[in-house]
Amino acid sequence: MANVLVTGGAGYVGCHVLNPLKEAGHNPVVYDDLSRGFGDLVSTHGVPLVVGTLANRLLLRRVLEEHDIDAILHFAALAYVGESSQLPDRYYRINTADAFGLLEEAVAYRPDAPPAVVFSSTCAVFGIPTVLPIRELTPRNPINPYGRSKLALEWMLEDLANQYRFPAVILRYFNAAGADPQNGCGECHSPETHLLPLAIQAAMGGAPLSIHGADFETPDGTAIRDFIHVRDLASAHIAALDYLMAGGANTDFNLGTGKGHSVQEVVNCVERISHSKVPRKIGPRRLGDPPALVCDASKAKQLLNWSPRYSNMEQIVGDALAWERQRQHISTLARRKSVAAR
């Protein structure tokens with residue numbers, strides 16, 4: 001059992017880890033500035049929430065000490081590829097500099113035995129790979145500030161963990177998708193830029209889906225991605241934490257399914273499961289979008305005994321659709337209650 005600081009635990013992936021942490025016997029504490037996270041996703045699980053930025057090092061130190069933190073799951077980051085090209089300074093400050101401050105505080109808090117660290121990184125560190133699927137040894141050559149800001153922290157974590165002898169694992173996500181409606185967790189970014197929720201919202205009467213490029217060198221012209229259910233990502237974090245607590249060597253893992261789905265295939269699946277058309281429009285490619293990204297997760301299977309359980313596209317779409325319907329129903333009830341109270 002460990003006391004676990006979950007930075008960014010009010011965000012999409014972070015909130016999905018809270019219940020599995022508790023079920024595994026750990027004591028999570030969420031640290032989030034709520035700039036893009038949602039406090040109600042934390043309160044649903046009865047987990048303590050400390051509101052603060054990574055730049056607030058005095059608060060970070062106090063939280064580490066007061067909660068006697070044994071391990072850190074670091075999710076807190078900005079994660080929009082397009083935005084990172086417009087605001088590279090903000091991405092380097094939050095994703096790299098402020099996160100480095102978290103590592104420094106962790107080492108200062110317990111110099112003889114700093115907390116174990118599981119870092120949520122991204123396949124964006126690989127840029128446009130020349131060979132698929134992508135393995136851990138694939139050269140890391142990011143093509144946008146988001147990927148570069150994450151790679152910079154990977155290097156820092158590797159060097160600090162080696163110098164100060166604390167356990168560390170890097171987990172590189174491919175495309176997180178899906179939801180856990182039964183536990184009140186789903187995808188509700190603001191603004192929303194991810195394919196699946198936007199496609200579902202379009203099928204439910206929202207704005208038409210914008211497809212960014214239909215001229216890629218792929219079978220149907222749309223980009224191919226490796227979609228992994230967020231519940232499978234959550235279980236990978238528990239497996240990585242257990243691996244480190246059991247004395248596993250510091251290393252990195254790519255997390256995906258090994259199978260790619262094109263944007264068009266995802267849209268087709270949404271239409272089948274929702275029984276609704278997805279209005280769409282084709283736009284230009286986004287700067288920095290590779291044509292295809294597919295993962296080789298055999299290392300995680302071997303060392304973490306981890307394999308995706310929920311990541312077939314039908315389940316991903318079905319769970320995301322159930323979450324969106326649940327969210328819209330709750331929103332409708334809240335509006336009616338507000339009107340009735342006037």
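This tour moves through a predicted model, from the whole chain to a sheet, the cysteines and the salt bridges.

**The whole chain**

Begin with the complete chain in a cartoon view. Its secondary structure comes to 11 helices and 14 strands. The C-alpha trace spans about 60 × 60 × 40 Å along its principal axes. The radius of gyration is 20 Å, which agrees with the value near 20 Å that a compact globule of 342 residues would have. Colour the residues by relative accessibility next: buried residues make up 54% of the 342 residues in the chain. In a surface view, the chain exposes about 15,200 Å², and carbon and sulfur atoms supply 52% of that area. If contacts with a separation of 6 or more are displayed, 77% of them are accounted for by residues 24 or more positions apart.

Select residues 224-225, 261-262 and 292-293, which are strands S9, S12 and S14 respectively. These 3 strands form an open sheet with mixed pairing, in the order S12-S9-S14. S12 and S14 are the edge strands, each pairing on one side only. Strands of a sheet pair through backbone hydrogen bonds, either parallel or antiparallel. S9 and S14 pair in the parallel sense over 2 bridges. To view one of the residue pairings, show Arg225 together with Leu293, its bridge partner in S14.

**The cysteines**

Select the cysteine sulfurs. How many disulfides does the structure hold? The structure holds 0 disulfides. Centre on Cys15, where the closest cysteine sulfur, in Cys185, is 3.5 Å away; this is too far for a bond, since the cut-off for a disulfide is 2.5 Å. Cys15 is buried, with a relative accessible area of 0%. Move on to Cys123, which is in no disulfide; its nearest cysteine sulfur, that of Cys295, is 8.4 Å away. Cys123 also counts as buried, at 6% relative accessibility.

The structure holds 21 salt bridges. Select Arg61 and Glu105, whose closest N and O atoms are 2.6 Å apart in a salt bridge. Arg61 is in helix H3 (residues 57-66) and Glu105 in helix H5 (residues 88-109), so this pair links distant parts of the chain, 44 residues apart. Which of the two is buried and which is partly exposed? Arg61 is partly exposed, with a relative accessible area of 27%, whereas Glu105 counts as buried at 8%.

**Arg285 and its two partners**

Select Arg285, a partly exposed residue with a relative accessible area of 35%. Show Asp215 beside it: the side chains of Arg285 and Asp215 meet in a salt bridge (3.0 Å, N to O). Because Arg285 lies in the loop between S13 (280-283) and S14, and Asp215 in the loop between S8 (209-212) and S9, the pair ties together parts that are 70 residues apart in sequence. Glu217 lies in the loop between S8 and S9, so its pairing with Arg285 ties together parts 68 residues apart in sequence. Glu217 counts as exposed, at 63% relative accessibility.

**A network to finish**

For the last stop, select Arg140, Glu154, Glu158, Arg172, Asp252 and Lys299 together. These residues are linked in a network of salt bridges.

Definitions and conventions. Residues numbered from 1 in each chain as written. Predicted model: local features only at pLDDT ≥ 70, side-chain atom pairs only at ≥ 80, totals over all residues. Heavy atoms only, no water. Pairing = 2+ DSSP bridges. Helix = DSSP H or I, 4+ residues; strand = E, 2+ residues; numbered from the N terminus. Buried < 20%, exposed > 50% of the residue type's maximum accessible area, 1.4 Å probe, protein only. Rg over C-alpha atoms; globule rule 2.2 N^0.38 Å. Contact = heavy atoms within 4.5 Å. Areas by Shrake-Rupley, 256 points an atom, 1.4 Å probe, with all protein chains shown as cover. Salt bridge = Lys/Arg side-chain N within 4 Å of Asp/Glu carboxyl O.
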